[in-house]
Amino acid sequence: MAVITNHMPTSELQALDAAHHMHPFTHGTGLAGKGVRVITRANGVWLTDSDGNRILDGMAGLWCVNIGYGRKELAQAAARQMEELPFYNTFFQTTHVPAIALSQKLAELAPEGFNHVFFAGSGSEANDTNLRMVRTYWAEKGQPERNIVISRWNAYHGSSVGSGSLGGMKGMHMQGGMPIPDIHHIDQPNWWAEGGDMTPEEFGLERARQLETAIQELGPERVGAFIAEPVQGAGGVIVPPETYWPEIQRIVDKYGILLIADEVICGFGRTGNWFGSQTMNIRPHIMTVAKGLSSGYQPIGGSIICDEVAEVINGVEFNHGYTYSGHPVACAVALENLRILDEEGIVTRVREETAPYLKEKFETLTEHPLVGEAKIVGMMGSIALTPDKASRAAFESEAGTVGFICRERCFANNLVMRHVGDRMIISPPLVISKDEIDILIARAWQSLDECHAKLKEDGLM
Ligand code: PMP
């Protein structure tokens, strides 16, 4: 068998992929019939595929390549660490310098009162940690019955059984007996799709107050925590109405439950601040991090824990941990990533320059006949596709049909934009320049035009 390389013809790579590689969230045989796209290299915000196309990555991989592709400093940090100490665990009363340095740096970057980190290999693992930590916390406080965690439908918190249960993706729950017991879901603050006749402000309050109703129905003595993304990502970049988070914060404070902010997407500059909790002005007890922590260059996640919770957990032997908790190479790479984000002022530039520019351009997409609302916070945005803006109508075709057509047009125009149902979403690398933003918008517009033409041709509108 020949060595498999970037230089093989695309068709051969596709055949091998179809023969042996199973893809996440994918209909395998469907993809095999169509032929998978093979990405071979990347630099800045640009991907190259096996046919030599240069594609603008409007999704930063999976919302993670915050500093952009091709930063040699990260490769060098990994190589140095691999030579010095490729692995050692942080169990059994040992540690190593990369884990010490990264946890110290995270304590420095996180809001006041967050001085402790528990590492994991991914966002899913970190949310599993959070579930166990919340329950351990309340048990130690003498309230073991306080083990219910409230989450939201259409939230995404990961793919393990625990984090998938915390999430509110019904398609996931249907496969494999989720959610596990003592997880409860309330509705999401998605005004466009679910707001009916209410104003966004009224709707934000109504959805937040579902938390209070749920606490009262379940019993305040049974509810341990509420988990939410500051801005829902995988659910379709759902930016909550302005009334939502202040009301959630009021309710969390009133009932003394823990607030877990899932910052896996929102963290590390995505919303224009280091953490989405700062942008949304909320005070969580635990923040889940992953993705932008290493800009995706190494798999690493973690939970940043407030002092009060950390003190309780540190007071017991917490029977939990992963082989790769605080993996030295991942920590060294994450540390170098944070250094670059910090010292190059990337988060500040997003907040002050490029995110306002992107917002202005992105919102012009609402002038397109297919686009209802455009919502954007920092460098994460979404547009709702609709056959009728005034009534916020959904298409008659099955949800996602039109979004998929639009995504295919984006691919054809060398732009990666994802669809969630019939919403199109973006989350580009934070280093995207104004010129590249112009290209992104021009390609999005072109793809919308082509999608519009196809819908008419196919009788879908
Ligand atoms: N939480 C959120 C908000 C996410 O967006 C994701 C991944 N998309 C996760 C958790 C899970 O992270 P991972 O895929 O690293 O397990």
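Okay, one bit of bookkeeping before I start: Ala, Val, Leu, Ile, Met, Phe, Trp, Tyr, Cys and Pro count as nonpolar, Asp, Glu, Lys and Arg as charged, and the others, Gly among them, as polar. With that, the shell around the ligand splits into six nonpolar, eight polar and two charged residues. And keep in mind that what you're looking at is a predicted model.

So who comes nearest to the ligand? Of the 16 residues around it, that's Ser122, Gly123, Ser124, Gly158 and Val264. If you look at which element gives the largest share of that shell, it's helix α6, residues 123–140, with three residues.

Now let's move to the core. The largest nonpolar core has 128 residues, and Val149, Phe226 and Ala334 are the ones touching the most other members. Helix α14 gives the most to this core, nine residues. Where does the core sit relative to the domains? Domain 1, 72–343, and domain 2, 347–457, both give residues to it, so the core lies between them.

Last stop, helix α15, residues 346–363. This helix bends by about 45° at Thr354, and there's a proline, Pro356, following within four residues. Thr354 is also one of the buried residues in α15, along with Ile346, Val347, Val350, Ala355, Leu358 and Phe362. And what covers those buried residues? The cover includes α14 (328–343), strands β11 (371–377) and β12 (380–385), and α17 (434–457).

Conventions
Residues are numbered from 1 along each chain as its sequence is written. This is a predicted model: local features need pLDDT of at least 70, side-chain atom pairs count only at pLDDT 80 or more; totals for chains, interfaces and linings use all residues. A residue is near a molecule or strand if its C-beta atom, placed from the backbone, lies within 6 Å of it. Helices (H or I, at least four residues) and strands (E, at least two) are DSSP runs, numbered from the N terminus. The bend at a residue is the angle between axes fitted to the seven residues ending there and the seven starting there. A residue is buried if 20 or more other C-beta atoms lie within 10 Å of its own, exposed if 12 or fewer, and partly exposed in between; C-beta atoms are placed from the backbone. Two residues are in contact if their C-beta atoms, placed from the backbone, lie within 7 Å. A nonpolar core is a set of buried Ala, Val, Leu, Ile, Met, Phe, Trp, Tyr and Cys residues joined through C-beta atoms within 7 Å. Domain bounds come from an automatic or database domain assignment.
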